[in-house]
Amino acid sequence: MSECIKRQASLPLPEGREVYTNKVLAVVGELGLKCFVQTFGCQQNEADSERIAGMAVAMGYTLTAEPNEADLIVVNTCAVREHAEKKALSLIGQYKHCKSNKKELVIAVCGCMPSQQHRADEIKHKYPYVDFTFGTSDLYMFPELLYRRLSGAKRTFVIPEDKPPVVEDIPVVRESNYRAWVSIMYGCNNFCSYCIVPYVRGRERSRHPDAIEAEVRELIASGYKDITLLGQNVNSYGRGCDFDCDFADLLERLASIEGDYKLHFMTSHPKDATKKLVDVMARNDRIARQFHLPLQSGSNEVLDVMNRRYTAEKYLEILDYIKEKLPDVTLSTDIIVGFPGETEEDFQKTLDILSYVKYDMVFSFIYSPRSGTPAAKMENSITDEIKSDRMRRLLDLQTEIASELNAKCIDKTYRVICQGKSKNNEGMLEGRTEGNKIVLFASDTAREGDYVKVKVTKTQPYALFGEVVK
Ligand code: 5AD
Ligand code: SF4
């Protein structure tokens, strides 16, 4: 037995959440139950998982990193590429045995994947041990869905609506005590032809600047040093809202809060990135010298079919302005390789821009058709062989560029934030510069979250090595 529901607009939202939180707490509060939250995908999903963990704790669960001992498993999924969906589905498949071992285990799946009707149907039919699903915009419904299920209600599959509300004050358990995510807006209106996000995260809606400022102030007061403002396109923050504050205004307002911290943000859409924003960055030291500006393709023909609404020339105009105003900026981008119809000439134009800009980091993805998007219906697809070959060439070029850029860091001193022990380099600590470059160093005294000054002595394409200086 199951049902598909849509949120009722009349529901008293935050109050409804609190009521159900208390109802679950009354049932499970004394039982010492454990909740395991697993996250796939982007920073937005990581931020959402911290809210899910926060609600679980408010309902009386303790958090565990071990699915086998959990009484409640929440899988927060990504749908941006097929690989991410396959990984999540395979994992959900593995949880079947957890349920066989523990009948009262509750399994919930949330995030982008089950927000698509075909995936919700698939989970309903092929994964009968999944108790309920909900989307990124329905997070606040988690206590209600859980309570209903614990009370013996049917399995529920919530398909998010197009214009969900912005819900404030959802409790949060943050993973880190020095690095924090702050969502400033939700959803996307851009409908890039390859992208599933607008279909699963709904239309753009911004949080009120007062609420964002209050959250950031609280984080800074509690010692957070690295704060990343999140949105699918932060540059359209505030658009269509009843307050007068665009993203540059918001950033400047936040950067005026007293304290020793850095503000980061992602992601910027090139069509909306303004000189005003760059000027705000240039005059505020608390905004990290880092800019992630997804290019996707260097060919105007491909950009047009991708519905990106900028040309390579326009893109480079804002990028050159960033370089001029922020000479020490760290640049990164996203590239899609093998978009339908991408010719060798188109691809070469992408490589040309990589060579011209010299990004510190390039996140490159092989095009993955997403059901329901316009690009998925395009017939001129590229063979897997050509896609892999282009990807390899792009990575080779980028490795060369990154080596060259990193080599210039020798003898320079950076203030890095220590992130604890390195996983790949035994005995070393790993830190990040404000531009997000990885720095490895040795220290007996530095602790996670400390700022440390490191002089670079050796470099690799994707890491700097150095010595701590006073
Ligand atoms: N295939 C491959 N990459 C994609 N991205 C988004 N959708 C797809 C897709 N269908 C990439 C874009 C985006 C990043 C987050 O993921 O480069 O900027
Ligand atoms: Fe997807 Fe484009 Fe929106 Fe980014 S801006 S989330 S790529 S539709």
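**Backbone, cysteines and ligand shell**

Phenylalanine 191 is partly exposed, at 29% relative accessibility. This is a predicted model. Phenylalanine 191 sits in the loop between strand E9 (185–186) and helix H7 (197–201). Its phi is positive, about 50 degrees, although the residue is not a glycine. Most residues other than glycine have a negative phi.

Aspartate 169 also has a positive phi, near 65 degrees, and is likewise not a glycine. Look for aspartate 169 in the loop between strand E7 (155–158) and strand E8 (179–183). Is aspartate 169 buried or exposed? Aspartate 169 is exposed, because its relative accessible area is 66% and the exposed class begins over 50%.

A further backbone feature is a peptide bond. Most peptide bonds are trans. The bond that joins methionine 266 and threonine 267 is cis, with omega about 5 degrees. Threonine 267 belongs to the loop between strand E12 (262–266) and helix H10 (275–282).

Now the cysteines. How many disulfides does the structure hold? The count is zero. Take cysteine 98 as one case. The closest cysteine sulfur to its own is in cysteine 35, 13 Å away. That is too far for a bond, because a disulfide needs two cysteine sulfur atoms within 2.5 Å. Cysteine 98 is buried, with 7% relative accessibility. Cysteine 192 is buried too, at 6% relative accessible area. Both values fall in the buried class because the cut-off is under 20%.

Start with arginine 81: an N or O atom in its side chain is 2.9 Å from an oxygen atom of ligand 1. Aspartate 334 also uses its side chain, with an N or O atom 2.7 Å from an oxygen atom of ligand 1. Serine 368 takes part through its backbone: an N or O atom there lies 2.8 Å from a nitrogen atom of ligand 1. How much of ligand 1 does the protein bury? Taken alone, ligand 1 exposes 410 Å², and the protein buries 86% of that.

Note on methods. Residues are numbered from 1 along each chain as its sequence is written. Chains are lettered from A and ligands numbered from 1 in the order in which they are written. This is a predicted model: local features need pLDDT of at least 70, side-chain atom pairs count only at pLDDT 80 or more; totals for chains, interfaces and linings use all residues. Side-chain values use heavy atoms; hydrogens and water are left out. A polar contact is a pair of N or O atoms within 3.5 Å; within protein, one must be able to donate a hydrogen and the other to accept it, and residues adjacent in sequence count only if both atoms are side-chain atoms. Accessible areas come from the Shrake-Rupley method with a 1.4 Å probe; for residues, only the protein chains shown count as cover. Buried means under 20% relative accessible area, exposed over 50%, partly exposed in between (1.4 Å probe, protein chains only). Helices (H or I, at least four residues) and strands (E, at least two) are DSSP runs, numbered from the N terminus.
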